[in-house]
Amino acid sequence: MKKILFLPLFRMQSGHHQVAEALMDMLKKHSNGIAFKKVDLISYTNNSLEKMVTTGYLKWIRYAPETYNLAYKNLFYVPSSTEWAFKWYQTIFLRKMEQLIAEEKPDLIVCTHGFPSYLLSQLKIKGKCNIPIINVYTDYFINNVWGTQGIDAHFLPSQEVKEKLMSMRQIPKQKMMVTGIPVHEDITKIASEPKTSDRPRILISGGNSGLGGILNVAAQLKRLTEFDYFVLCGNNNKLYDEIDSWNLAHIKPLSYISSRVEMNKLYEDVDAIVTKPGGVTISEALRKKLPIFVHSMLPGQEEINLKYLKEQKLVFELNQKRPFEQQMKETLKNKEIMEKWTTSIESYHKEIELDKPEGMVEVMKLILNLEEDSKLPYISSQTKVI
């Protein structure tokens with residue numbers, strides 16, 4: 001039986017884990033005879049280290065976002081800086097990565113975070129790894145953490161990123177597939193039906209970690225009563241209890257939703273989503289062709305995501321100095337604005353080369369030597385198989 005090892009980073013739930021789980025469920029549904037496992041390298045290396053790094057990361061973003069943003073861009077978004085940033089501790093993790101591979105004996109490795117990809121690329125360069133690797137990117141840009149040398153396939157968020165990789169890192173076109181940021185296939189592509197109610201229904205997301213200013217957004221809604229709001233609180237019990245204590249008919253807090261089918265129905269029941277520019281949530285909303293309003297962003301990755309999304313006219317950024325509900329009303333009821341947005345959404349979907357879950361599964365099966373090469377033109381004959 002062939003085995004695929006999925007490598008996100010950290011134990012906390014994030015887009016890296018959601019994408020890995022979406023792909024694992026696709027494999028479960030559309031293939032036989034393939035085993036798979038998800039491992040966080042930091043926890044594997046040392047549980048206490050993982051807890052310390054995660055806690056430090058969250059505190060840094062919460063209490064010093066400006067310095068985090070500056071550090072992220074200088075270390076991971078400026079060419080040739082990553083090697084220096086990782087040099088002092090990469091030896092430890094390279095050794096642990098070799099140990100993990102020896103223990104798990106995978107036939108394919110799928111990286112949904114840049115750091116495992118970087119380490120595996122280094123091992124390939126040193127001739128210490130001959131296992132095929134797929135990079136699956138979870139933002140709308142690629143930072144310098146991601147390894148590219150020796151990587152066998154790339155699942156990319158957009159044509160723009162594909163073109164940048166070809167020009168900047170000389171990756172053969174045949175190894176790159178535009179998939180969008182993969183989402184669970186229970187999040188169907190069928191768009192929701194136009195609503196007939198005079199009261200638009202708005203989904204507000206981004207409260208799971210307690211970061212990103214969502215409570216400030218929700219607090220504004222107490223004074224606004226023209227729309228109905230559903231606030232996704234995730235595991236943020238403090239946020240849920242606060243909103244629930246308001247006892248307002250037009251604002252409903254929702255706790256963590258584990259069912260993708262339920263989440264899909266929620267998307268189809270609302271007219272728009274207010275969220276942060278995290279890769280997976282945005283990708284799900286784009287798949288549903290749901291108007292997206294950005295209420296706030298975390299420094300670093302989300303700020304760069306937002307820049308891309310605004311350039312492509314895929315989202316609407318809310319002005320914190322203007323009334324919250326008024327901005328949405330002006331946008332959603334403006335026919336010209338919504339027609340331009342629809343055109344942008346259609347252009348985004350036309351760029352995607354592997355749109356169906358079966359396509360991504362077939363790429364993995366091809367690399368595992370379980371499919372005929374003729375089924376997928378995207379992978380060159382130089383792709384390594386075992």
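Me: In which loop does K105 lie?

Reply: K105 lies in the loop between α6 and β3 (108-111). Helices (H or I, at least four residues) and strands (E, at least two) are DSSP runs, numbered from the N terminus. The model is a predicted one, in which local features need pLDDT of at least 70 and side-chain atom pairs count only at pLDDT 80 or more, while totals for chains, interfaces and linings use all residues. Residues are numbered from 1 along each chain as its sequence is written, and side-chain values use heavy atoms, with hydrogens and water left out.

Me: Why is K105 called exposed?

Reply: Buried means under 20% relative accessible area, exposed over 50%, and partly exposed in between (1.4 Å probe, protein chains only). K105 has a relative accessible area of 61%, and is therefore exposed. Its phi is near 50°, a positive value in a residue other than glycine.

Me: What makes Q170 exposed, and where is its place?

Reply: The relative accessible area of Q170 is 57%, so the residue counts as exposed. Its place is in the loop between α8 and β6. Q170 also has a positive phi of about 50°, although it is not a glycine.

Me: Why are α6 and α7 called roughly perpendicular?

Reply: Angles under 35 degrees count as roughly parallel, over 145 as roughly antiparallel, 65 to 115 as roughly perpendicular and the rest as oblique. Axes are lines fitted to C-alpha atoms, for helices over the stretch in contact, and angles run from 0 to 180 degrees between N-to-C directions. The axes of α6 (residues 90-104) and α7 (residues 114-125) come within 10 Å and cross at roughly 85°, so the two helices are roughly perpendicular to each other. The contact (heavy atoms within 4.5 Å) involves residues of α6 including F93, L94 and M97, and residues of α7 including F115, Y118 and L119.

Me: On what grounds is β8 called mostly covered?

Reply: In strand β8 (residues 228-234), 7 of its 7 residues are buried. D228, F230, L232 and G234 point one way, Y229, V231 and C233 point the other way, and all are buried. In a regular strand the side chains alternate between the two faces of the sheet.

Me: How do you know that β8 pairs with β7 and with β9?

Reply: Two strands pair if DSSP finds at least two bridges between them. Strand β7 (residues 201-204) is joined to β8 by 4 bridges, and β8 to β9 (residues 251-255) by 5, so both cases meet the definition. Each of these pairs runs parallel.

Me: What makes the crossover from β8 to β9 right-handed?

Reply: A crossover is right-handed if, with the strands pointing away from the viewer, the path from the first strand over the helix to the second runs clockwise. The chain crosses from β8 through helix α10 (residues 237-246) to β9, and this β-α-β crossover is right-handed.

Me: Why are β2 and β6 called edge strands?

Reply: The open sheet has 6 strands in the order β2-β1-β3-β4-β5-β6, with parallel pairing. β2 (34-38) and β6 (176-178) are its edge strands because each pairs on one side only.
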